[in-house]
Amino acid sequence: MEHDDYLDDLSADFTAKLRAQRQAEATELSAADAAEVTLSGRLLASKGTAVEIRLINGESLRGEVADAAASWLILRLLRMDIFIRYSAIEVVSGLGTAPQWPTLVEARIPGTVKLREFAATRREVQFTTQNQTLKGYIERVGADFVDIVDHGRHEAIALSGLLYVSCPR
């Protein structure tokens with residue numbers, strides 16, 4: 001009997017140490033996985049989810065994540081879609097914890113593609129930068145700028161200065 005008790009103790013000790021080692025390995029893997037998660041991955045996984053986005057200019061926008069890519073997202077409100085560059089985002093509330101890695105196509109879709117879709121609506125669009133808001137119709141979308149026209153006045157907006165663009169649906 002002493003021999004059986006000794007083996008049981010030894011087996012229990014081995015099982016406890018093995019469990020602790022596996023838990024440590026799982027924690028290390030989890031930390032390594034978390035280091036690879038990006039905001040775009042969290043937003044991609046949150047399509048259809050209601051979120052609140054606070055921007056670097058202090059504004060707060062609430063809506064549903066309608067689309068996302070590597071550097072931008074479309075936030076859907078009741079009557080409009082809002083194109084937001086990730087560089088304009090300060091805080092996002094309401095995201096799920098699970099990420100989704102962008103496909104090669106999603107990773108390569110530039111924001112200019114969505115801006116051209118906004119241009120195709122032929123609706124008046126509102127552009128918000130850090131310091132001002134401009135309204136107008138998109139005349140042309142270049143590689144790093146958007147030309148708009150409003151009542152004969154032409155403006156070129158640098159994409160690097162753009163926080164978000166609102167387009168009625």
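**Exercise 1. Find how S6 and S7 run relative to each other, and how many bridges join them.**

Step 1: Strands here are DSSP runs of E with at least two residues, helices are runs of H or I with at least four, and both are numbered from the N terminus. S6 covers residues 125-129, while S7 covers 133-141.

Step 2: Two strands pair if DSSP finds at least two bridges between them. S6 and S7 run antiparallel and are joined by four bridges.

Step 3: Valine 125 faces glycine 136 in S7. With three residues between them, S6 and S7 make up a hairpin.

A word on the model: it is predicted, with local features needing pLDDT of at least 70 and side-chain atom pairs counting only at pLDDT 80 or more, while totals for chains, interfaces and linings use all residues. Residues are numbered from 1 along each chain as its sequence is written, and side-chain values use heavy atoms, leaving out hydrogens and water.

**Exercise 2. Work out which residue of S10 is the bridge partner of threonine 129.**

Step 1: S6 also pairs with S10, in the antiparallel sense and over four bridges.

Step 2: The partner of threonine 129 in S10 is leucine 162.

Step 3: Now check how covered S6 is: four of its five residues are buried (buried is under 20% relative accessible area, exposed over 50%, partly exposed in between, with a 1.4 Å probe and protein chains only).

**Exercise 3. Explain why the buried residues of H4 are on the same side of the helix.**

Step 1: List them. In H4 (residues 111-120), the buried residues are Gly111, Thr112, Lys114, Leu115, Phe118 and Ala119.

Step 2: These residues cover an arc of only 155° around the axis, which puts them on the same side of H4 (the arc is that of the directions from the helix axis to the C-beta atoms).

Step 3: Recall that an α-helix has 3.6 residues a turn, so residues three or four places apart point the same way.

Step 4: See what they pack against: S2, S3, S4, S7, S8 and S10.

**Exercise 4. Identify the side chain that joins aspartate 67 in a polar contact of 3.1 Å.**

Step 1: Locate aspartate 67 in strand S2, residues 60-68.

Step 2: Beyond its neighbours within four places in sequence, aspartate 67 is in contact (heavy atoms within 4.5 Å) with several residues, among them Trp72 and Lys114.

Step 3: The polar contact of 3.1 Å is with the side chain of lysine 114. A polar contact is a pair of N or O atoms within 3.5 Å; within protein, one must be able to donate a hydrogen and the other to accept it, and residues adjacent in sequence count only if both atoms are side-chain atoms.
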